[in-house]
Structure formats: C-alpha cells, structure tokens
Amino acid sequence: MEDGIGGLRHMLATVFLSAFAGFMVVPVITDVTVAAVCSGPDDSCSLAVYLTGFQQVAIGMGTMIMMPVIGNLSDRYGIKTILTLPMCLSIVPPVILGYRRDIKFFYVFYISKILTSMVCEGTVDCLAYAYVAVNIHGSTRISAFGILAGIKTIAGLFGTLVARFLPIALTFQVSAISFFVGLVYMRVFLKEKLNDDEDDDLHHGTYHQEDHDSINTTMLAEPILNDRPIKTQVFHKKYSSLKDMISLMKTSTIFFQALVVTFFSSFSDSGMESAFLYFLKARFGFDKKQFADLLLLITIVGSISQLFVLPRFASAIGECKLLSTGLFMEFINMAIVSISWAPWVPYLTTVFVPGALFVMPSVCGIASRQVGPGEQGKVQGCISGVRSFGKVVAPFVFSPLTALFLSKNAPFYFPGFSLLCISLSSVYMNISSIKTNFDLIVYEL
C-alpha cells in the first residue's frame with residue numbers, strides 16, 4: 001500500500017490545491033450573495049435562497065450529463081489530459097469576484113459559475129477516484145479512498161482557516177491563484193496512467209497475484225464478496241453508452257444499491273447546501289467569521305476521521321457496516337441541528353460529522369470492484385452523474401421549503417424543518433445500505 005500511496009502523491013497534491021481553492025470561498029459566498037441581492041446584511045430574503053437553489057439545479061443538470069462523458073473520455077485519452085480543461089475553467093469565477101462584488105459583477109460571476117461548473121463541478125473528485133481505483137488493488141483500495149477524502153478535507157480545513165482571516169476580495173484572489181497553481185502542478189508532475197497498458201495485460205493474460213481468474217460478465221448478477229478487483233472488461237466498446245450502464249445496474253445488485261445510496265447522499269448534501277448556512281444566519285445571526293469557525297471545526301474532525309479512523313474501521317468491520325454506521329451518525333447529526341435551541345448546538349453536533357464523510361469512500365470502494373481497471377473512469381463517472389442528479393432534485397424540494405420555514409408565512413414555527421427532512425433521507429439510505437449488507441451475507445452463506 002505504501003508504494004501505491006507514494007505513486008498517488010501528485011494526484012493527492014492536485015486534489016489538495018483544487019479543494020483548497022474551492023473551500024476557501026464557501027464561508028464568504030453567503031454574505032456576498034446577501035449583500036448583492038438583498039436589501040440589508042441581516043436580511044434573510046428568499047431571493048438569495050432561490051438563486052442558490054437555481055444554481056445547484058443548473059450545475060447539477062450539466063454535470064449529470066458531463067460526468068459519465070468525462071469518465072469515458074478519461075478511460076480512452078487519460079486522466080491528465082481530460083483534467084486540464086475543467087481545472088482551467090475553475091479559475092474564471094473567483095477572478096470575477098476578486099475584482100469587484102457589486103450586483104453587476106455578482107451576476108456575471110453567477111452566470112460564469114453555472115457555465116464553468118457544468119464541466120468543473122466534481123470532475124477532480126471523479127477522476128481522482130478513478131486514478132486511485134486503477135492504481136490501488138485489493139482490500140487496501142477503500143483505505144486509499146479514505147486517504148483521498150481525508151486530503152480533500154484537510155484542504156477544506158486550510159481553506160476555511162485562510163478565509164477566516166483574509167478580507168473577502170483577497171479570499172477570491174487567493175482562490176484563483178490556488179486553482180492556477182494546481183493546474184500547473186498537475187500538468188508538470190502528474191504521471192499519466194495509460195489504460196492501454198492494462199488492456200494489454202488483459203489480452204496477454206497477465207494478472208496480479210491477488211486477481212481473479214477470467215470471469216464472465218454474467219457473474220455480475222451476483223454480489224462480489226472478496227476484495228480482489230475484476231480484470232475482465234465489462235464494457236466491450238471504447239465508449240460505453242447509457243444502455244451499457246443500465247445493463248450493469250440490472251446485472252449487478254450491489255452496484256445498483258450503491259447508486260441508490262449515492263443518489264440520496266447527494267440529495268442530502270445538496271439540501272444541506274441550500275438550507276444549513278441560511279438556517280444559521282436566520283436563526284442565530286451567523287456571519288462570515290462564525291461560518292468559518294464552524295466549517296473549520298467540521299473539517300478538523302473530518303480530516304482526522306478520514307485519515308486515521310476510516311482506514312482502521314474499513315479493514316475491521318468492512319465497507320457495508322462502515323456505510324451503515326456513517327449514515328446513522330449523519331441522521332443523528334441533522335436531527336439535532338434541526339431543533340437547535342442555542343448557537344452552540346451546531347458546534348456540538350460536529351462529533352457526528354465523520355458519519356457523513358464515511359459514505360462516499362465506502363460507496364466508491366464497493367462500486368469500483370464491479371468492473372476492470374480499464375473501466376474505472378466509466379464507473380466513477382456514472383457515480384458522479386447520479387450524484388449530480390441528486391443535486392438537481394434537491395433544490396426543488398429544499399429551497400422552497402427552507403425559504404418558507406425561514407419566513408414569517410411559515411405554516412408553523414420550525415425554522416429547521418428542512419434539515420429534519422434531510423435527516424429522514426439518511427434513514428432511507430441506511431435501510432438501503434443494510435439491504436446491501438444483507439445481500440452479501442446471504443450470498444456468502
């Protein structure tokens with residue numbers, strides 16, 4: 001595993017720089033939006049909530065289409081080549097707000113953010129997971145996914161910490177510089193992993209010691225119980241179609257259930273983006289500094305859990321049990337936050353944050369074992385597409401719900417009602433993950 005992680009160091013550095021730039025603007029964008037479109041800094045106007053929701057829908061629709069395409073192209077042309085364009089486009093939006101933040105420039109940023117994020121949003125994560133899946137095999141893959149997620153969380157820690165002390169204008173400028181440095185670093189240092197090498201191994205019958213013997217695609221109708229990767233090609237075309245993905249979902253029970261969990265996880269996360277910060281601002285008057293403090297605490301807890309707790313738990317209890325545990329912790333977290341009675345309650349509930357951070361590494365680890373190493377981009381692209389679909393659906397539900405219950409026209413007083421609904425979606429995810437674990441146990445018997 002050490003050699004594998006050592007080989008991933010340049011991808012991990014690229015993920016860190018990209019995530020650092022992205023997380024840096026999160027604590028300030030709510031204040032910038034409210035200042036640009038609302039009548040006063042303390043106004044919890046519905047327009048800001050709806051603009052955020054519409055942005056999530058538009059970006060989600062774009063990425064829902066683009067992520068599978070990007071995954072397919074990465075399998076053919078290489079991750080480094082495909083990653084260049086989205087990393088270039090990511091520089092544009094923070095440059096705009098780094099220059100000016102009045103209402104005209106805000107809407108220029110708003111439109112450019114939507115257009116660029118249709119290609120950029122989640123691309124680095126998608127291709128990084130595919131890169132890890134190609135380079136790391138066996139039971140250590142879930143640990144590698146955890147380390148990748150931990151690096152991203154640490155980037156969020158540093159990004160939030162920097163945003164806590166920088167002026168707003170300088171925050172966006174530093175974000176743009178970080179995106180640019182990440183692009184240059186990736187182009188100079190990242191070693192391209194050519195899938196043609198893997199294909200040659202398949203054609204010549206060269207396998208790692210831990211790999212399966214040749215398997216027929218029809219075997220995907222049953223869950224895969226061991227941690228060894230498949231070397232057989234599931235897709236028999238260079239460019240897989242939507243029909244191929246649907247066929248894989250029909251033949252692989254575990255892959256389909258992983259996609260169900262992925263959808264509801266994204267649905268919950270997107271709902272959180274629509275509701276959480278606006279809830280805190282309207283309920284307790286949180287500002288940029290308090291947002292940064294809370295996000296800083298969340299990222300500290302998350303980075304420790306992903307780098308040290310997740311790898312140990314994954315090897316000890318397995319991916320499915322880890323997934324169920326994480327979803328239950330996520331439910332408890334959101335349920336308590338929804339009834340927050342004091343400003344310190346959201347800080348206290350950060351002890352449950354690791355649960356939400358266990359979900360996607362577990363899902364990606366399960367899904368990555370359903371296909372061969374030359375097709376990881378397709379699978380990770382499919383997962384990213386489903387995540388984007390969840391982001392499309394969630395704002396239609398949670399943006400109006402949040403705006404309604406934060407307004408004076410709420411049917412009853414419950415400012416955190418939308419957060420309670422988010423926690424209930426975690427209950428359904430938990431049921432689905434338990435079903436996955438049950439299928440594995442039954443098949444093993």
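Start with helix α6, residues 92-99, whose buried residues are covered by elements that include α3 (26-37), α5 (79-89), α7 (103-120) and α10 (168-189). Helices here are DSSP runs of H or I with at least four residues, numbered from the N terminus. The model is predicted, so local features need pLDDT of at least 70 and side-chain atom pairs count only at pLDDT 80 or more, while totals for chains, interfaces and linings use all residues. Residues are numbered from 1 along each chain as its sequence is written, and side-chain values use heavy atoms, with hydrogens and water left out.

Within α6, select P93, P94, I96, L97 and G98, which are buried (under 20% relative accessible area; exposed is over 50% and partly exposed in between, with a 1.4 Å probe and protein chains only).

Next, select α5. Its buried residues are I79, K80, I82, L83, T84, P86 and M87. They pack against α2 (9-24), α4 (46-77), α7, α8 (123-135) and α10, where contact means heavy atoms within 4.5 Å.

Now turn to the salt bridges (a side-chain nitrogen of Lys or Arg within 4 Å of a carboxyl oxygen of Asp or Glu). How many does a search of the whole structure find? There are two.

For one of them, select R100 and D102, whose side chains meet at 2.6 Å, N to O. R100 is partly exposed at 41% relative accessible area, and D102 is partly exposed at 27%.

Then select D125 and K152, where the side chains form a salt bridge at 2.4 Å, N to O. D125 lies in α8 and K152 in α9 (residues 141-165), so this pair ties together parts 27 residues apart in sequence. K152 is partly exposed, at 28% relative accessibility.

How values were computed:
Helix = DSSP H or I, 4+ residues; strand = E, 2+ residues; numbered from the N terminus.
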